[in-house]
Amino acid sequence: MERADFFDQVYQVVRLIPKGRVTSYGAIANYLGAKGSSRMVGYAMNDAGKVSPQVPAHRVVNRQGLLTGKFHFGGDTMQQLLAEEGVLVENDQVVNFKNLYWDPNIELAL
DNA sequence: GTTCTGACGGTGC
DNA sequence: AGCACCGCCAGAA
């Protein structure tokens, strides 16, 4: 069995997020089949800064497109990283979120 | 071993 | 339309 731990699965998907795109915790959880356990996804992101390679958790936002975990990045790091990729963030919220939304269930077409 | 929290989401009121 | 509560699963105290 692959040690495809739930956390590891999350990292894989997040790393597949194309530059300039964002996704939601629920979308990832849903893709992993853990629909409803979106909290686990966010919790997994807690280790995103210690796993290798670093997981672009800055591309993962909540359903509202709000950078809920920006505080965990240590300030506005998350917002700046997104800005570097062309994702405008205003008021801790992704601009044109629905337009930049990247759904693994669709893009990865499982 | 038990209890609580946690970077969310959906439904109910 | 906005606010509140409950539910999912796993790790940490």
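1. A residue counts as near a molecule or strand when one of its heavy atoms lies within 4 Å of it. Of the DNA strand B atoms within 4 Å of the protein, 47% are sugar or phosphate, and the rest belong to bases.

2. Before you read on: this is a predicted model, with local features needing pLDDT of at least 70 and side-chain atom pairs counting only at pLDDT 80 or more, while totals for chains, interfaces and linings use all residues. Residues are numbered from 1 along each chain as its sequence is written, chains are lettered from A and ligands numbered from 1 in the order in which they are written, and side-chain values use heavy atoms, leaving out hydrogens and water.

3. Who sits by the DNA? Helices here are DSSP runs (H or I, at least four residues), numbered from the N terminus. α2 (25-31), α3 (38-45) and α4 (70-73) each give at least two residues to this surface, with α3 supplying the largest share, five.

4. Now the polar contacts (pairs of N or O atoms within 3.5 Å). A backbone N or O atom of M45 is 2.8 Å from a base nitrogen of DNA strand B.

Conventions: A polar contact is a pair of N or O atoms within 3.5 Å; within protein, one must be able to donate a hydrogen and the other to accept it, and residues adjacent in sequence count only if both atoms are side-chain atoms.
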